[in-house]
Amino acid sequence: MALTLYVDTARWRAHQKTIIDQFPGLIPVCKGNGYGFGHERLCEEATRMGADILAVGTTYEAASIKDRFGGDLLVLTPFRRGEEPVPLPDRVIRSVASVDGVRGLVGARVVIECMSSMRRHGISEQDLGMLQSAIEDVRLEGFALHLPLDRPDGSDAVEEVIGWMDRLRAARLPLHTMFVSHLRAEELARLQQQFPQTRFRARIGTRLWLGDHDATQYRGAVLDVTRVVKGDRFGYRQQKAASDGWLVVVAGGTSHGVGLEAPKALHGMMPRAKGVARAGLATVNRNLSPFVWAGKQRWFAEPPHMQVSILFVPSDATEPKVGDELVAHLRHTTTQFDRVLDA
């Protein structure tokens, strides 16, 4: 019995097609845990959709994926001098975020990242004068901009890209291809109309693979159910049951990513209040699990174990049975499944 990822394959692929149609020349992204699907599955999907380039996070991912995808591989993490060398084929394209990085990749295929309002990495406007000579020794595939998701200051993503296009043009740098992230379809269309001689290629991961939430579902199988009455001790720490009910052992533990959560950016009073409430309950060992039974998310009876979680289901609910499956609200990018089943 397992933690299973169920995929409505027809619906999932229909969503992929919608995104591909909106973003001509789209470059799918396969990094981390493969957005919950795994590298092998996403390489198969990228091949099926006819992608000529697949973006990966690191050189180590490129080395792992190179035999699963036959097209070019774009490494998103910028090259740095002194990094551990990883043997890679010539079809791998390296991102670079500094003039020194360009000079350290003589003969290589490179994409030069420009510093966006993300303020993460990239060349600055002051670097452009030094790029003319530096790019003579590399095979320049184009420039790139990684843009923020939110713009609370009301700034315009298209104007930010145009600003960089103007700077690159003024510096007499080639503008045949611009790789972009986090633009809407209508924004990309505006740019393509304004700069018809430049090919804009959107690098898309989350929106492509996870944009239709109803196309996928995690479920954990019930492995054991034990009746307890108020005051019974249980578990590693021998806590007392707060009321009558059942201890339900379900597939899915810390090795799957259950109980692990990336920090969230909270906006507004209500989400912040809920965050404070959750933190307060955690101090008295009350943690809500991602597993749902009888229409409600159930509480962890104790912190999740490595491969299973123990939940408490009160006696006023229906008793779970061994073999039942509980829907689990898990974040794809932090979850490892035991198996995947296609609907």
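Which residues line the largest cavity? The lining consists of Glu113, Cys114, Ser116, Met118, Arg119, Arg120, His121 and His146. A cavity here is a set of points, on a 1 Å grid over the protein atoms alone, where a 1.4 Å probe fits but cannot get out; lining residues have an atom within 4 Å of a point. The largest cavity has a volume of about 40 Å³. The count is 1 cavity of 30 Å³ or more. Volume means the space filled by probe spheres set on the points, with grid points joined across faces, edges and corners.

This is a predicted model, in which local features need pLDDT of at least 70 and side-chain atom pairs count only at pLDDT 80 or more, while totals for chains, interfaces and linings use all residues. Residues are numbered from 1 along each chain as its sequence is written, and side-chain values use heavy atoms, with hydrogens and water left out.

**The chain overall**

The protein chain has 9 helices and 18 strands. Both are DSSP runs numbered from the N terminus: helices are H or I of at least four residues, strands are E of at least two. The C-alpha trace spans about 75 × 45 × 40 Å along its principal axes. Of the 343 residues, 47% count as buried. Buried means under 20% relative accessible area, exposed means over 50%, and partly exposed lies in between (1.4 Å probe, protein chains only). Contact means heavy atoms within 4.5 Å. Among contacts between residues at least 6 apart in sequence, 66% join residues at least 24 apart.

**The second largest pocket**

A pocket is an open set of grid points with protein on both sides within 12 Å along at least five of seven lines. The second largest pocket holds about 730 Å³ of space. Its lining has 29 residues, and His146, Leu147, Leu149, Ser181 and His182 lie nearest its centre. Strand 9 (199-204) and helix 8 (206-210) are the elements that give two or more residues to this lining. His146 also lines the largest cavity.

Most residues other than glycine have a negative phi. Tyr35 has a positive phi, near 55 degrees. His182 has one too, of about 65 degrees. Tyr35 counts as buried, because its relative accessibility is 7%.

| Residue | Loop between |
|---|---|
| Tyr35 | strand 2 (27-28) and helix 2 (39-48) |
| His182 | strand 8 (177-181) and helix 7 (185-194) |
| Leu260 | strand 13 (245-251) and helix 9 (269-282) |
| His305 | strand 15 (296-300) and strand 16 (308-314) |

His305 is buried, because its relative accessible area is 16%. What does His305 contact, leaving aside neighbours within four places in sequence? The partners are Tyr236, Gly253, Thr254 and Ile310. The C-alpha atoms of His305 and Ser255 are separated by 8.4 Å, and these residues are 50 apart along the chain.

Thr254 is also touched by Leu260. Thr334 is touched by Leu260 as well, not counting residues up to four places away in sequence. Leu260 and Pro304 are 44 residues apart in sequence. Their C-alpha to C-alpha distance is 9.7 Å.
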